[in-house]
Amino acid sequence: IYFYIKSKILMKIIFDWLLQNWLEVSATLLSLVYLYCSVKQNILLWLFGLISSALFIYVYFHAGFYADMSLQVYYVFVSIYGWIHWLHGGTNNTSLKVSKSSNKILILCLLASILLWVAIYCILKLTDSTVPIGDSFTTAAAIVATWMLARKLLENWLFWVVIDFVSLLLYIYKELWATSILFLVYTVVAIVGYFKWKKDMNTFSQSDSN
């Protein structure tokens, strides 16, 4: 009887928490679907990404993550761009395939991340953001990494490994537990995604050469 009562209390606590945080939970679940589709190179990732981003705009606004909130707005628009580019960005208007970034592109992406980091940090210092350094870093790098994803550049996953791990630490600090779990999964899957895309890229290269 004791354990039955305890389990009922625990279930009620969980149910109440889900009701109070249903937007965050919904956005998290949709983001997991988005992540799965990303690794599988399923174009539906852009649809799930668009919907989850719209929900996260509300979540981040109330949590004081203003840069991340703005990033979700960017995600909404880049989801549309990514969908179109994946469909028609390949040779002769064909579907886009995975490619490796040139050294020039990588250097430009790193420079863009640093410049955006500084710019966003300066903006956040004017707000009541509680984590301006970390928030601006993840936001800046994610802007660049999402562009790389839309272009199907392999190294976008390396950017996401760093971004997701830093984000995980930030969300633990802010006690956004559902989002923290999401970004723990993100960090692991970003590593998996890199090797999956690398394998696919090599497969495409071999088939083209044959």
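Mentor: Let us begin with the chain as a whole and then go through the spaces one by one.

This is a predicted model, in which local features need pLDDT of at least 70 and side-chain atom pairs count only at pLDDT 80 or more, while totals for chains, interfaces and linings use all residues. Residues are numbered from 1 along each chain as its sequence is written, and side-chain values use heavy atoms, with hydrogens and water left out.

The chain contains eight helices and zero strands, where helices (H or I, at least four residues) and strands (E, at least two) are DSSP runs numbered from the N terminus. Its pattern along the sequence is therefore written α-α-α-α-α-α-α-α. Of the 210 residues, 42% count as buried; here buried means under 20% relative accessible area, exposed over 50%, and partly exposed in between, with a 1.4 Å probe and protein chains only.

How do we find the gaps? Rolling a probe the size of a water molecule over the atoms shows where empty space is left. On a 1 Å grid over the protein atoms alone, a cavity is a set of points where a 1.4 Å probe fits but cannot get out, whereas a pocket is an open set with protein on both sides within 12 Å along at least five of seven lines; lining residues have an atom within 4 Å of a point. Grid points are joined across faces, edges and corners, and a volume is the space filled by probe spheres set on those points.

The search of the whole structure turns up one cavity of 30 Å³ or more, and the largest cavity has a volume of about 390 Å³. It is lined by 30 residues, and Tyr-34, Tyr-75, Trp-160, Phe-183 and Tyr-186 are the closest to its centre. Two or more lining residues come from each of H2, H3, helix H4 (66-88), H6, H7 and helix H8 (177-209). The biggest contributor is H7, with seven residues. By class, the cavity lining holds 17 nonpolar, 11 polar and two charged residues. (Ala, Val, Leu, Ile, Met, Phe, Trp, Tyr, Cys and Pro count as nonpolar, Asp, Glu, Lys and Arg as charged, and the others, Gly among them, as polar.)

Two of those central residues turn up again among the rings. Phe-183 and Tyr-186 belong to a cluster, linked by ring pairs, that also takes in Phe-56, Tyr-60 and Tyr-171. For this count, rings of Phe, Tyr and Trp (its six-membered ring) pair if their centres lie within 6.5 Å; planes under 30 degrees apart are stacked, over 60 edge-to-face, and the rest tilted. There are 10 aromatic pairs in the whole structure.

One of these pairs is edge-to-face and joins Trp-117 to Phe-137, with 4.9 Å from centre to centre and 70° between the planes. Trp-117 is in helix H5 and Phe-137 in helix H6, so this pair ties together parts that are 20 residues apart in sequence.

Helix H5 (103-124), helix H6 (132-150) and helix H7 (156-173) each give it at least two lining residues. Its lining has 10 nonpolar residues, one polar and no charged ones.

The largest pocket holds about 190 Å³ of space. Among its 13 lining residues, Gln-20, Asn-21, Glu-24, Val-59 and Leu-176 are the closest to the centre. Helix H1 (2-20), helix H2 (22-40) and helix H3 (45-63) each supply at least two of the lining residues, and H3 gives the most, with four. The classes here are eight nonpolar, three polar and two charged.

The chain has a mean pLDDT of 86, and 89% of its residues reach 70 or more. By element, the mean is lowest for H1 (66) and highest for H5 (95). Where pLDDT is low, the predicted coordinates should not be read in detail. Keep that in mind at the largest pocket, as H1 supplies part of its lining.

Terms used
pLDDT is the predictor's confidence in each residue, from 0 to 100.
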